[in-house]
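Reader: I would like to go through a few of the labels used for this model and ask what each one rests on.

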Amino acid sequence: MSYQIPKFRHPELPRNELGYTKADYEGSISTLCAGCGHDSISGAIIKAVHELSIEPHKIAKLSGIGCSSKSPTYFLGKSHGFNSVHGRMPSVVTGAAMANRDLLYLGVSGDGDTASIGLGQYGHVARRNLNMVYIVMNNGCYGLTKGQDSATADEGSISKKGEPNPFGSIDLPAVALQLGATFVARSFSGDKEQLVPLIKAAMSHRGFALIDVVSPCVTFNNTPGSTKSYEYTREHMEATGTVDFVPMHEEITTKYDPGKTRDVTMHDGSVIRLKKVDDSFDPFDRMSAMVALENSRQSGQILTGLLYMDKQSRDLHEALATSKRPLNQLTETELCPGSKVLEQINQSLR
């Protein structure tokens, strides 16, 4: 078996505005299990970034530990990357983002990396509204250590080991909503038509953008009794509505269905287009999103789509009034303004 990606590509592959093909956004060949949902998510990320025409070196991808945290190796091979320790990815992203606000930060994590050892870090990065995209590849088990139930495994769910999980699950979108996250979505690795526009919208959002993606583990958690299997997810998916994304360089056109379709302009001028299925659901009302999540949970459904977005989001840089220039570009004069400035600061604190 070869672990080398062929360098030959068809000469007529579609190119984006920058002249890049999708091949320019690929990484190393995947060593995950054949059929793993994580590879589908990687493919969705590649497609989204290619269509948004983002230069690879303008992206920093970061992860923790787990099958999901291996996946950044398999996409955006020409981007900055850092693989941190278990559950600590949010701290590393925070430090990097404070040092250089000009990059697009893409954090990739798993349900164990986020909902167990990293739950505290996840909570604080959400409440601080750090400007990043946080993708959870959620399979409800620990795939690297033989399939034990994770904290997102639903009560009664049965993995390959055959015993029902006795504990209630942690709903990561619900936690994010309670903590003040300004963009919350859920999707399914087998639904690229929904997932790709959500990734595009998350990358255009200013602030913390969570996408919780149900991503079945084909080796340990794709059994008939599992609530994270392909079969169960397909049978129990309930979408908030249709999501589309229009970059700012494209003409904004739409077919309006009274009371159903809304175009929302993002911070960068791009537009997310929402067509609601249920008029009672409002993706711009935090309480409405929380109620919708709880109702779907009680009915045994998996609510997907855009759950909530704060159109007036202020990210951490705005809250702290940080330097608009990357720290490595600041000169000694700016970093060390002298004793008079220090004295003025001291006086203001007295």
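**Labels and their grounds**

Author: In this predicted model, β10 (241-246) and β12 (271-276) each supply at least two residues of the lining of the largest cavity.

Reader: Which residues line the largest cavity, and what is the make-up of the lining by class?

Author: The lining consists of Thr-240, Gly-241, Thr-242, Val-243, Leu-274, Lys-275, Lys-276, Phe-281, Pro-283 and Leu-306, and by class these are five nonpolar, three polar and two charged residues.

Reader: What volume does the largest cavity have, and how many cavities reach 30 Å³ or more?

Author: The volume of the largest cavity is about 60 Å³, and the count at 30 Å³ or more comes to one cavity.

Reader: Why is Gly-118 called buried?

Author: Buried means under 20% relative accessible area, and Gly-118 has 0% relative accessibility, so Gly-118 counts as buried. Gly-118 is placed in the loop between α4 (111-115) and α5 (119-127), where, setting aside residues up to four places away in sequence, Gly-118 touches Gly-87, Gly-112 and Asp-113.

Reader: What makes Ser-69 count as buried?

Author: The relative accessibility of Ser-69 is 5%, and the cut-off for buried is under 20%, so Ser-69 counts as buried. Ser-69 belongs to helix α2 (residues 67-70), and a polar atom of the side chain of Ser-69 lies 3.0 Å from the backbone nitrogen of Gly-64. Beyond neighbours within four places in sequence, the contacts of Ser-69 include Asn-83, Val-108 and Asp-113.

Methods:
Residues are numbered from 1 along each chain as its sequence is written. This is a predicted model: local features need pLDDT of at least 70, side-chain atom pairs count only at pLDDT 80 or more; totals for chains, interfaces and linings use all residues. Side-chain values use heavy atoms; hydrogens and water are left out. Helices (H or I, at least four residues) and strands (E, at least two) are DSSP runs, numbered from the N terminus. Buried means under 20% relative accessible area, exposed over 50%, partly exposed in between (1.4 Å probe, protein chains only). Contact means heavy atoms within 4.5 Å. A polar contact is a pair of N or O atoms within 3.5 Å; within protein, one must be able to donate a hydrogen and the other to accept it, and residues adjacent in sequence count only if both atoms are side-chain atoms. On a 1 Å grid over the protein atoms alone, a cavity is a set of points where a 1.4 Å probe fits but cannot get out, and a pocket is an open set with protein on both sides within 12 Å along at least five of seven lines; lining residues have an atom within 4 Å of a point. Grid points are joined across faces, edges and corners, and a volume is the space filled by probe spheres set on the points. Ala, Val, Leu, Ile, Met, Phe, Trp, Tyr, Cys and Pro count as nonpolar, Asp, Glu, Lys and Arg as charged, and the others, Gly among them, as polar.
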